[in-house]
Amino acid sequence: MVHARIAGIGSYVPEKILANADLEQMVDTNDEWIVQRTGIRERRIAAEHEFTSDLCVRAALDLMERYRIRLDDVDHIIACTNTPDYPFPSAASQIGSKLGIPAAGAVDVNATCAGFVHGIQLASALISSGMYRKILVFGSDTMSKITDYTDRSTCILFGDGAGVILLEAGGEQELLLAHSSHSDGTGGIHVYRSGLSGSMDGKELQGNGCIVQNGREVYRWAVTEVPKAMARLAAAAGLNLAEIDRFVPHSANLRIIESICEKSGFPLERTLYSLVRYGNTSAASIPLSLDLAVKENRLTEGQTVLLYGFGAGLVQAGALLRWSLPEARSEA
Ligand code: UT7
């Protein structure tokens, strides 16, 4: 049986910082409210000419540089994003050509903030089945391109970034100890990007092509659903939650994460998040959290790591894996 293993990780965030103090000049808000309600202090904003595939390419170059890995023999690219450069062609195909690996299959996965976890599930299964041997899984979004900077209830949350993990055949054991996914389209109305359709389930959609969100509903749903799912995933792997070393939830809001930890009994100190400096980066949030932890030596060989994505859909996906990563050959 072929198993997938993690061969490298990389990440990139744009240079421009949008701090809470900057938002105070744009909408009726203040640093204290934002920090107390969300934990977010700043986010990164892509330049006008910088799109999701560009961020992904920078993340892949970071991975190549740190792990001294060639990517020209990658045979599949999965780009998890809800903000591709264009509706089509896919971000994945753009990434492939910009990296000089046009021979690889290329597909985008849109499962919003749960996208990266779906990407890891798919890539792991595609490698285990023998279909592909070397897959780049990107989680990336340029949320600033679809954020209404006159809407204080959403513009304080979102930021841009990209993370990537390279999975390849050759693992000694199954990468995923347990997995799960779930969707409930009846909750689609609670967070959406307005666009072509004027209504959903008979309810009129608001907006101007940007994110529209009923924050309280999404908050309530997340803190109810995620603790239950964590317990189910641990049980499916024959573990107690206490035996899990790291929890990596989607970095939506620190209060959501604290509430999930309190309800599930999982210690906040063993939880990884990227929102303080990067905000809610949607599909990028989990790989950014992982890479921050790698750089801080908070992820080590053999640890059990529970990834959990949740977001617009409403969708959720979990992956419990045993962490293993080659030593980087150059400084991050
Ligand atoms: O990744 C996609 C999934 N999305 C999420 O996970 C988002 C989940 N939801 C949240 O993170 C939170 O609901 C928010 C951060 C969006 C909002 O926090 P909240 O504690 O739920 O605030 P709220 O919406 O209940 O609003 C409380 C008050 C309201 O004023 P009144 O009606 O009590 O007078 C808002 O108008 O805070 C006001 N408010 C603000 N005040 C200052 C809303 N946004 C702001 C703001 N600055 N930026």
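**Exercise 1.** At what angle do the axes of helix 3 and helix 4 cross, and within what distance do they come?

*Solution.* A quick note before we start: this is a predicted model, where local features need pLDDT of at least 70, side-chain atom pairs count only at pLDDT 80 or more, and totals for chains, interfaces and linings use all residues. Residues are numbered from 1 along each chain as its sequence is written, and side-chain values use heavy atoms, leaving out hydrogens and water.

Step 1: find helix 3 at residues 52-67 and helix 4 at residues 91-99 (helices are DSSP runs of H or I, at least four residues, numbered from the N terminus).

Step 2: their axes cross at roughly 50° and come within 9 Å (axes are lines fitted to C-alpha atoms over the stretch in contact, with angles from 0 to 180 degrees between N-to-C directions).

Step 3: that angle makes helix 3 oblique to helix 4 (under 35 degrees is roughly parallel, over 145 roughly antiparallel, 65 to 115 roughly perpendicular, and the rest oblique).

**Exercise 2.** Which residues of helix 3 meet helix 4?

*Solution.* Step 1: on helix 3, pick out Ser-53, Asp-54, Cys-56, Val-57, Ala-60 and Leu-61.

Step 1: their partners in helix 4 are Ala-91, Gln-94, Ile-95, Lys-98 and Leu-99 (contact means heavy atoms within 4.5 Å).

Step 2: sort this contact by class, and you get seven nonpolar, two polar and two charged residues (Ala, Val, Leu, Ile, Met, Phe, Trp, Tyr, Cys and Pro are nonpolar; Asp, Glu, Lys and Arg are charged; the others, Gly among them, are polar).

**Exercise 3.** How is the chain divided into domains?

*Solution.* Domain 1 covers 4-169 and domain 2 covers 176-322 (the bounds come from an automatic or database domain assignment). Their C-alpha centres lie 16 Å apart, and the contact takes 48 residues from domain 1 and 44 residues from domain 2.

Technical notes
Helices (H or I, at least four residues) and strands (E, at least two) are DSSP runs, numbered from the N terminus.
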